[in-house]
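Biologist: I have a structure on screen and some questions about it. Shall we go through them in turn?

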Amino acid sequence: MPRFVFSLALDSKGDSAYQMNTIDHFDQKLVTAVLEFAREQRLAEEVRDTKPFTIAPGFATESYGFDVVVAVPPAVHQYHFGRDNALGERVTGVFPAYSCEFSGHETLEEVVHRFKRMLCPTVVERPVVPYLRMRYENTRTGGGSLGASRGFTTTDVLLRELALLEGAAGSFVEWENFRGEVCSRPRSAVERNGGRACMSL
């Protein structure tokens with residue numbers, strides 16, 4: 001069995017296609033379910049040239065916890081470009097995902113970054129990668145983020161930096177989840193609520 005499997009299904013009109021890529025582990029039932037769901041929801045009509053991705057809720061399988069199917073346009077997936085650009089322009093990339101992985105307000109650049117570097121959409125047995133943005137400063141370790149904006153990160157980084165706050169006077173960690181809820185610890189006011197409001201990512 002090849003390491004990479006590229007699966008395509010024509011849309012209902014027959015003039016474009018949905019594509020789901022997998023690596024190392026190919027689950028035909030899952031891939032078929034994703035492609036059929038994308039076609040039934042007509043995701044290509046929503047995603048093309050209007051927004052960097054479309055989230056279709058209501059997806060479910062017996063073997064996985066995925067609860068949405070995500071569709072991305074050629075500007076994000078870049079499938080076939082350099083080999084068959086005309087085909088690439090007619091393909092909508094689709095993959096199963098978790099609703100907590102997207103806020104719905106990402107820019108094209110943010111979606112490309114997460115699609116290529118964080119989500120690993122080709123790995124069907126991948127862990128959940130919640131939408132999580134963080135900024136921090138630690139006076140004891142000297143670590144910190146650059147600028148006033150929160151950048152994308154992972155839960156293990158957030159939990160590590162929260163643990164490092166102990167004994168680091170004047171330090172803080174601020175984070176935002178997929179619902180847009182923002183919490184921080186500790187500096188001052190955050191000590192009153194312990195930052196627990198957003199611990200559920």
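Biologist: Start with α5. Which of its residues are buried?
Modeller: This is a predicted model, so read every value as computed from it. α5 covers residues 108-117. Its buried residues are Glu 110, Val 111, Arg 114 and Phe 115.

Biologist: Why do the buried residues of α5 line one face of the helix?
Modeller: Look down the axis of α5. Its buried residues line one face because they fall within an arc of 125°.

Biologist: Which exposed residues sit on the face of α5 turned away from its buried side?
Modeller: Exposed means over 50% relative accessible area. On the face turned away from the buried side of α5, the exposed residues are Glu 109 and Arg 117.

Biologist: What covers the buried residues of α5?
Modeller: The cover includes a helix, α3 (74-77). It also includes strands. Together, the cover includes α3, β4, β5, β6 (133-137) and β7 (151-152).

Biologist: Which element gives the largest share of the lining of the largest cavity?
Modeller: That cavity holds about 60 Å³ of space. Its lining includes Val 111, Arg 114 and Phe 115. Two elements give two or more residues to the lining, β4 (68-72) and α5 (108-117). The largest share, three residues, comes from α5.

Biologist: By class, how many residues in the lining of the largest cavity are nonpolar, polar and charged?
Modeller: The lining includes Phe 53, Val 70, Val 72, Phe 95, Phe 102 and Leu 119. Glu 106 and Arg 114 are among the lining residues too. By class, the count is eight nonpolar, no polar and two charged.

Biologist: And the second largest cavity: how many of its lining residues are charged?
Modeller: About 40 Å³ of space lies in this cavity. Its lining is Asp 11, Ser 12, Tyr 18, Arg 39, Arg 42, Ala 44 and Glu 45. Two of these count as nonpolar and one as polar. The number of charged residues is four.

Biologist: Turn to β2. Which of its residues point the opposite way from Tyr 18, Met 20 and Thr 22?
Modeller: In a regular strand the side chains alternate between the two faces of the sheet. β2 spans residues 17-23, and seven of its seven residues are buried. Tyr 18, Met 20 and Thr 22 point one way. Pointing the other way are Ala 17, Gln 19, Asn 21 and Ile 23.

Biologist: What is the bridge partner of Ser 7 in β2?
Modeller: β1 (residues 4-10) pairs with β2 in the antiparallel sense, over seven bridges. The two strands form a hairpin with six residues between them. In the turn, Gly 14 has a positive phi of about 80°. The partner of Ser 7 is Met 20.

Biologist: Which residue of β5 stands opposite Ala 17?
Modeller: β2 also pairs with β5 (residues 91-97). These two strands run parallel and are joined by three bridges. Opposite Ala 17 stands Val 91.

Biologist: Is Val 5 buried or exposed?
Modeller: Val 5 is found in β1. Leaving aside neighbours within four places in sequence, Val 5 contacts Met 20, Asn 21, Thr 22 and Phe 26. The cut-off for burial is under 20% relative accessible area. At 17% relative accessibility, Val 5 is therefore buried.

Biologist: Which strands are at the edges of the open sheet?
Modeller: Four strands form this sheet, in the order β7-β6-β8-β9, with antiparallel pairing. An edge strand pairs on one side only. The edge strands are β7 and β9 (182-186).

Biologist: In β9, what is the bridge partner of Val 173?
Modeller: β8 (residues 172-176) and β9 run antiparallel. Five bridges join them. The partner of Val 173 is Arg 185.

Biologist: Last, the whole protein. What percentage of its residues is buried?
Modeller: The protein has seven helices and nine strands. Its C-alpha atoms fill a box of roughly 60 × 35 × 30 Å, taken along the principal axes. Of the 201 residues, the buried share is 46%.

Conventions:
Residues numbered from 1 in each chain as written. Predicted model: local features only at pLDDT ≥ 70, side-chain atom pairs only at ≥ 80, totals over all residues. Heavy atoms only, no water. 1 Å grid on protein atoms, 1.4 Å probe; cavity = no way out; pocket = protein on both sides within 12 Å on 5 of 7 lines; lining within 4 Å. Points joined across faces, edges and corners; volume = space filled by probe spheres on them. Nonpolar A, V, L, I, M, F, W, Y, C, P; charged D, E, K, R; others polar. Buried < 20%, exposed > 50% of the residue type's maximum accessible area, 1.4 Å probe, protein only. Pairing = 2+ DSSP bridges. Arc of directions from axis to C-beta. Contact = heavy atoms within 4.5 Å.
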